[in-house]
Amino acid sequence: MIRLNHVSMEYRLTGTRVAALRNVSLEIAAGSFVAIMGPSGSGKTTLIQLVAGLLTPTSGEITVSGHDLHGLNDRAMSEFRNRTIGFVFQSFHLPSYYTAVDQVALPLVFAGVPEAERHKRAQSLLAEFDLSDREQHKPDQLSGGEAQRVAIARALINNPKVILADEPTGNLDRVNGGHVLELLQQVNRTRGVTVVLVTHDEKAARVAERIIRIEKGELA
Ligand SMILES: Nc1ncnc2c1ncn2[C@@H]1O[C@H](COP(=O)(O)OP(=O)(O)O)[C@@H](O)[C@H]1O
Ligand SMILES: [Mg+2]
């Protein structure tokens, strides 16, 4: 499903270069649940942003669900992101002025789905996530745990093949963090979606079938 072949990533700042990833090769099987662990600054976010096509590697090849990311032009890349990838952030990234149901429906606007169907699909996903009674709530009217569940619903609405979650429990207490991890596990098991969870919490990583460790930009 996901393959990195000798991938390196260097950030260029005026006068200096930061090597964020060095010669990383790995494969993640379709339908698996993998955790990526490592200390702060080890390159975890860089790694999953490369897989999402949000960054371009300095060298090496990345293939996701049969797409060679290097070969994609801008338009194909945004289509790849919209259809293949669902991204979940530590800080939820929910625009403050949309209700939960509109947040979840938003990716369908870009996919060209008509409004009535967008609404119906978003409602049904919120129901599946036990959030029907929060449909009309805006982000500041949701708890952190609810906001992250809405963000996961939004990431799933286009039926992506892969969910990439960057420290999704980092802003949550233990109980709510646990709910979010259970939800990711449920999504992996019942929908067969490949889940890549970035975390530095050993307990959180226990929900994964496999742990990939990274240190100073290299596989450990
Ligand atoms: N946009 C950027 N420009 C320059 N350096 C960056 C940028 N983003 C991250 N880095 C550097 O790359 C390294 C890896 O960062 P990151 O992938 O965010 O690590 P992690 O997610 O594991 O904390 C760090 O040394 C960080 O300072
Ligand atoms: Mg990070």
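How closely do the axes of helix 3 and helix 5 come, and at what angle do they cross? The first view answers this. The model is predicted: local features need pLDDT of at least 70, side-chain atom pairs count only at pLDDT 80 or more, and totals for chains, interfaces and linings use all residues. Residues are numbered from 1 along each chain as its sequence is written, while chains are lettered from A and ligands numbered from 1 in the order in which they are written.

**View 1. Helix 3 against helix 5.** The axes of helix 3 (residues 100–110) and helix 5 (residues 144–156) come within 7 Å and cross at roughly 30 degrees. Axes are lines fitted to C-alpha atoms, for helices over the stretch in contact, and angles run from 0 to 180 degrees between N-to-C directions. Helices (DSSP runs of H or I, at least four residues) and strands (DSSP runs of E, at least two) are numbered from the N terminus. Helix 3 and helix 5 are therefore roughly parallel (angles under 35 degrees; over 145 is roughly antiparallel, 65 to 115 roughly perpendicular and the rest oblique). Their crossing is right-handed, meaning that the near helix is turned clockwise from the far one by less than a right angle. Ala100, Gln103, Val104, Leu106 and Pro107 of helix 3 make the contact with Val150, Ala153 and Arg154 of helix 5; residues are in contact if their C-beta atoms, placed from the backbone, lie within 7 Å. These residues divide into six nonpolar, one polar and one charged. Ala, Val, Leu, Ile, Met, Phe, Trp, Tyr, Cys and Pro count as nonpolar, Asp, Glu, Lys and Arg as charged, and the others, Gly among them, as polar.

**View 2. Helix 5 against helix 6.** The axes of helix 5 and helix 6 (residues 174–191) come within 9 Å and cross at roughly 20 degrees. That makes the two helices roughly parallel, and the crossing of helix 5 and helix 6 is right-handed. Gly144, Gly145, Gln148, Arg149, Ile152 and Leu156 in helix 5 meet Asn176, His179, Val180, Leu183 and Val187 in helix 6. By class, this contact has five nonpolar, five polar and one charged residues.

View 3. Four strands form an open antiparallel sheet in the order 2-1-4-5; two strands pair if DSSP finds at least two bridges between them. Strand 2 (16–28) and strand 5 (67–68) are the edge strands. Nine bridges join strand 1 to strand 2, with Arg12 and Arg17 as bridge partners. The hairpin of these strands has two residues between them, and Gly15 takes a positive phi near 85 degrees. Five bridges join strand 1 to strand 4, where Arg3 stands opposite Thr63.

View 4. The residues around ligand 1 include Tyr11, Val18, Gly43, Lys44 and Thr45; a residue is near a molecule if its C-beta atom, placed from the backbone, lies within 6 Å of it. Helix 1 gives the most to this shell, with three residues. The shell divides into four nonpolar, seven polar and one charged residues.

**View 5. The sheet of six strands.** Six strands form an open sheet of mixed pairing in the order 6-7-8-3-9-10. Strand 7 (residues 162–166) and strand 8 (residues 194–198) pair in the parallel sense over five bridges, and the bridge partner of Ile163 is Val195 in strand 8. Helix 6 packs on the sheet, touching strand 3 (33–37), strand 7 and strand 8, and its direction makes about 155 degrees with that of strand 8.

Conventions. Two residues are in contact if their C-beta atoms, placed from the backbone, lie within 7 Å.
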